[in-house]
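Please walk me through this structure in plain terms. I have not seen it before and would like an explanation in a few paragraphs.

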Amino acid sequence: NCELSASNGVKVYKDITIQGSGEELITVTAEKLPGDRMIEIKTDSISKGLTFKNCNVNISDIPASGYAYNAVIIINSGKLVLDNCDMTIDGIQSDGTYNNMHGFWCLEGGDNLLSVVNGSNLLVQNFAHNAIEWDGTTKYYFEVKDSTYTSDHTRGGIIGTWDVTFENATV
């Protein structure tokens, strides 16, 4: 097991792959959100970003906020790839209420990609706002190939205009 922890969240500005042997559980925690996000992926090309490969990722215990913040934000041509990875993003608070956030938010300045591939499972649950949303300023890609995407107990599952590819997918 591994914990990816930062006092101000996790910021990715380069192409990074976190690879496990298939059974590691990576828990992402933060003492407070960096402005409005737990994980920020911001690069200068859709070919760069954060890849979780052959591992399990849990994002929970997200710091409560009075604003509609985001657990994961993809900015300016960034990408998040889940490759043979199970990721759960849970917005439930310790008092049993939903976090006043979005699961994913994509915005500004270029093409953004959320890719769930090769037997991955993405579960976004228990958010007062949407599981996956955009700001409407650029082009957004969401692909689920040979994998599963589930949104549960959120206001909406996939919100906005997306270039979507579902191949052998369960959504």
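Apart from its neighbours within four places in sequence, phenylalanine 104 is in contact with Val72, Leu80, Met87, Ile89, Leu114, Leu122, Val124, Ala131, Ile132 and Glu133, where contact means heavy atoms within 4.5 Å. Phe104 also belongs to the largest nonpolar core, which has 35 residues. Such a core is a set of buried Ala, Val, Leu, Ile, Met, Phe, Trp, Tyr and Cys residues joined through side-chain atoms within 4.5 Å. Buried means under 20% relative accessible area, exposed over 50%, and partly exposed in between, with a 1.4 Å probe and protein chains only. Phe52, Leu80, Met87 and Phe104 touch the most other members of this core.

The model is predicted: local features need pLDDT of at least 70, side-chain atom pairs count only at pLDDT 80 or more, and totals for chains, interfaces and linings use all residues. Residues are numbered from 1 along each chain as its sequence is written, and side-chain values use heavy atoms, with hydrogens and water left out. The mean pLDDT of the protein chain (the predictor's confidence in each residue, from 0 to 100) is 80, and 80% of the residues reach 70 or more. Strand E1 (residues 2–6) has the lowest confidence, at a mean of 57, and strand E16 (residues 148–152) the highest, at 95. Strands (E, at least two residues) and helices (H or I, at least four) are DSSP runs, numbered from the N terminus.

Aromatic rings come next. There are 5 aromatic pairs in the structure; rings of Phe, Tyr and Trp (its six-membered ring) pair if their centres lie within 6.5 Å, and planes under 30 degrees apart count as stacked, over 60 as edge-to-face and the rest as tilted. Tyrosine 140 and tryptophan 162 form a tilted pair, because their ring centres are 5.5 Å apart and their planes stand at 55 degrees. Tyrosine 140 lies in strand E15 (residues 140–145) and tryptophan 162 in the loop between E16 and strand E17 (163–167), 22 residues apart. Tyrosine 140 is buried at 1% relative accessibility, and tryptophan 162 is buried at 12%. Tryptophan 162 also pairs edge-to-face with phenylalanine 142, at 6.4 Å centre to centre and 70 degrees between the planes. Trp134, Tyr140, Phe142, Tyr149, Trp162 and Phe166 form one aromatic cluster.

The structure has 1 salt bridge, defined as a side-chain nitrogen of Lys or Arg within 4 Å of a carboxyl oxygen of Asp or Glu. This salt bridge joins lysine 145 and glutamate 143, at 3.6 Å from N to O. Lysine 145 is partly exposed, at 26% relative accessibility, whereas glutamate 143 is buried, at 18%.
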